[in-house]
Amino acid sequence: MEFFLPTKLLTGDDVVRKNAALLAAFGKCCLIVTSGSAARRCGALDDVCAALEENGVVYWIYDAVRPNPSIASVLEGGKLAVEKQCDFVVGIGGGSPLDAAKVIAASAANPELDEEALYSMNWPTDPLPVVLVGTTAGTGSEMTPVSVITASTGRKRSFRGEKNYAALSLGDPRYTESMPLAVTASTGVDALAHCLESYFSKKATGVSRAFAIQGVCEILDPLRTVAEGKLPTKEQRRVLYEASLLGGMAISVTGTILPHNLGYYLTESHGIPHGFACAAFHPDLLEHAMRSAPAYSAELYERIGCPAEELIALIRGLTPPTEIRLSPEEIEALLPRWENASAIKNTIGDVSLSQIRDILRKKFL
Ligand code: NAP
Ligand code: FE
């Protein structure tokens, strides 16, 4: 077993203001990395700015990160951090700004690296320290060594390495309360996806399974509320947010598997939000796992107190149907992208290209 997670995590109501000194201790000048509007709307940006101001830290705001962040925005953010001589980076938002913040910190420390050199992760200088403040529940990016950044080819590519962990994550579940139903559903099924994919990864360990199973147990109740078309209560928001962090801790060990890898295609080519794109393939994963690892599957359903059929129905109920139609030729042309994908190789049982073809045909033909 191997376990390494160097991020200090603090959660709770008003955690940013209560830990202002801790947040400000990383230097005299910081770059805040965020997206269009969520960080402002939910109050997280105001809290971070106030915490920095009361400790005399100068800050600059880079708010051009968009969902499925582009490598161009990362390089631009890195340049700004260099120009303003920032000592550290604070990412605020959903997975997109958090992922971007982590790589902006690396780019700022290594401004000579171009896109390809940055993706190689042979970074001569360690990234600037990173503090993350999440507003979705969620990717769990606060606790993962991963950033998913869209390359200039249009493909989502992952950064994954020990240097890509945040130094500090401050999680106030109240920031997630401004999420409308559809964003709550999409980001919530993503958190569930992380727990399930981690459990069914060949790389799962005792530690990752503990996080994954506990995460699923906690996620079920709030997601059942969302499936009924209702927003979670304040308490359910807290539980869902903390469960998303457990999902992050689970995939920090294992990475994700088949549904995330297939889901990237739906996001890149059809604009489906990340969580819904991955959830679209979860029934396929769970059915495959029941065939290839029946005892291991049965153990999960027993531990979470929810039968497979009910879990699959919940996921289907939360995922809007897609209108996507693909021809047999289009499906054949897509298959090579999964030929050597490590996420497919790490999926429990062995998933062949012909099984992926069957999944795509069943859904999109
Ligand atoms: P996101 O892409 O960060 O944001 C999606 C939408 O939610 C945006 O329109 C955003 O608004 C809005 N939003 C965020 N917080 C909100 C709030 N509190 N209230 C209202 N609206 C809010 O969503 P995400 O699902 O959290 O992140 C997805 C990204 O993370 C993908 O790129 C995915 O590949 C990646 N990911 C990373 C990991 C990892 O381990 N690092 C794991 C899974 C997925 P604004 O843009 O207007 O602010
Ligand atoms: Fe995800």
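A: A pocket, on a 1 Å grid over the protein atoms alone, is an open set of points where a 1.4 Å probe fits, with protein on both sides within 12 Å along at least five of seven lines. A volume is the space filled by probe spheres set on the points, which are joined across faces, edges and corners. This is a predicted model, in which local features need pLDDT of at least 70 and side-chain atom pairs count only at pLDDT 80 or more, while totals for chains, interfaces and linings use all residues. Residues are numbered from 1 along each chain as its sequence is written, and side-chain values use heavy atoms, without hydrogens and water. Here the second largest pocket holds about 290 Å³ of space.

Q: Which residues that line the second largest pocket are the closest to its centre?

A: Lining residues have an atom within 4 Å of a point. There are 14 of them, and A280, R316, P320, P321 and K363 are the closest to the centre.

Q: Which residues of α15 are buried?

A: Buried means under 20% relative accessible area, exposed over 50%, and partly exposed in between (1.4 Å probe, protein chains only). Helices are DSSP runs (H or I, at least four residues), numbered from the N terminus. In α15, the buried residues are A308, L311, I312, L314, I315 and L318. They lie on the same side of α15 because they cover an arc of only 155° around the axis, taken from the directions from the helix axis to the C-beta atoms. On the face turned away from this buried side, E309, R316 and G317 are exposed.

Q: What is W338 in contact with?

A: Contact means heavy atoms within 4.5 Å. Apart from neighbours within four places in sequence, W338 touches N261, L262, Y265, I344, L353, I356 and L360.

Definitions and conventions
Chains are lettered from A and ligands numbered from 1 in the order in which they are written. Helices (H or I, at least four residues) and strands (E, at least two) are DSSP runs, numbered from the N terminus.
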